[in-house]
Amino acid sequence: MQVSQQTRPTSTTFMVTTDWSDCQVQRYLADLEAMGLIRRIERRSSHRGKISNEYDLQGLVDKFAEIEPDFREAGEHARQVRKAAARPGLKGRRQIAKVAKAAGA
């Protein structure tokens, strides 16, 4: 999956959408950059000098794509457990035990 050019937010965008302070946003962005999940793109204007940085989120998107199957599997397991728990009686309890045992294996 590729991140489009339009999805390169600035730190101000992060502050507005998350309701975090500027210091929090800068700290989290620095952490993500150190982990290699995002890339800072410095922007300069010919008449104004340095302007706000943009952030390339492709590394983060790639990481999410890598771990997405794990989340899908966990969601499917949770769905099966809920479905088994909704069944009343002995048969339902046996099904819950079976699903829980399979998860522990």
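Trainee: Is T10 buried or exposed?

Mentor: T10 is buried, at a relative accessible area of 14%.

Trainee: What should I know about the model before going on?

Mentor: This is a predicted model, in which local features need pLDDT of at least 70 and side-chain atom pairs count only at pLDDT 80 or more, while totals for chains, interfaces and linings use all residues. Residues are numbered from 1 along each chain as its sequence is written, and side-chain values use heavy atoms, leaving out hydrogens and water.

Trainee: How many helices and strands does the chain have?

Mentor: Start with the rule. Helices (H or I, at least four residues) and strands (E, at least two) are DSSP runs, numbered from the N terminus. Here the chain has four helices and two strands. Their order from the N terminus is α-α-β-β-α-α. T10 sits in the segment before α1.

Trainee: Which residues does T10 contact beyond its sequence neighbours?

Mentor: A contact means heavy atoms within 4.5 Å. Setting aside neighbours within four places in sequence, T10 contacts R43, S52, N53, E54 and Y55. Take N53 from that list. N53 belongs to strand β2, residues 49–56. N53 is buried as well, with a relative accessible area of 11%. Not counting residues up to four places away in sequence, N53 touches P9, T10, S11, R40, I41, E42 and R43.

Trainee: Where does T12 lie?

Mentor: T12 lies in helix α1, residues 11–18. T12 is partly exposed, at 43% relative accessible area. Now compare sequence with space. T12 and E54 are 42 residues apart along the chain, and their C-alpha atoms are separated by 9.8 Å. For the chain as a whole, take the contacts between residues at least 6 apart in sequence: 38% of them join residues at least 24 apart.

Trainee: What is the phi of D19?

Mentor: Phi of D19 is near 65°, a positive value in a residue other than glycine. D19 is in the loop between α1 and α2. D19 counts as exposed, at 70% relative accessibility. A glycine gives another case: G36 follows α2 and has a positive phi, near 80°.

Trainee: How many aromatic pairs are there?

Mentor: A pair of aromatic rings is described by the distance of the centres and the angle of the planes. Rings of Phe, Tyr and Trp (its six-membered ring) pair if their centres lie within 6.5 Å; planes under 30 degrees apart count as stacked, over 60 as edge-to-face, and the rest as tilted. A search of the whole structure finds two pairs. W20 and Y28 form an edge-to-face pair, 4.8 Å centre to centre with 65° between the planes. W20 is partly exposed at 38%, and Y28 is partly exposed at 35%.

Trainee: Which residue lies over the face of Y28?

Mentor: A charge sits over a ring if NZ of Lys or CZ of Arg is within 6 Å of the ring centre and within 35 degrees of the ring normal. Here R27 lies over the face of Y28, at 5.8 Å from the ring centre.

Trainee: How do I check the span of helix α2?

Mentor: The expected span is 1.5 Å times one less than the number of residues. Helix α2 covers residues 22–34 and has 13 residues, so it should span 18 Å. Its end C-alpha atoms are 18 Å apart, which agrees. Helix α3, residues 58–86, has 29 residues. From first C-alpha to last, α3 reaches 41 Å, close to the 42 Å expected.

Trainee: Where is the kink in α3?

Mentor: The bend at a residue is the angle between axes fitted to the seven residues ending there and the seven starting there. In α3, a kink of about 40° lies at I67, shortly before the proline P69.

Trainee: Which residues of α3 are buried?

Mentor: Q58, V61 and A84. G59, also in α3, is partly exposed at 27% relative accessibility. Outside four places in sequence, G59 is in contact with G36 and L37. A78 of α3 is partly exposed at 29%. For the chain, 18% of the 105 residues count as buried.

Terms used. Buried means under 20% relative accessible area, exposed over 50%, partly exposed in between (1.4 Å probe, protein chains only).
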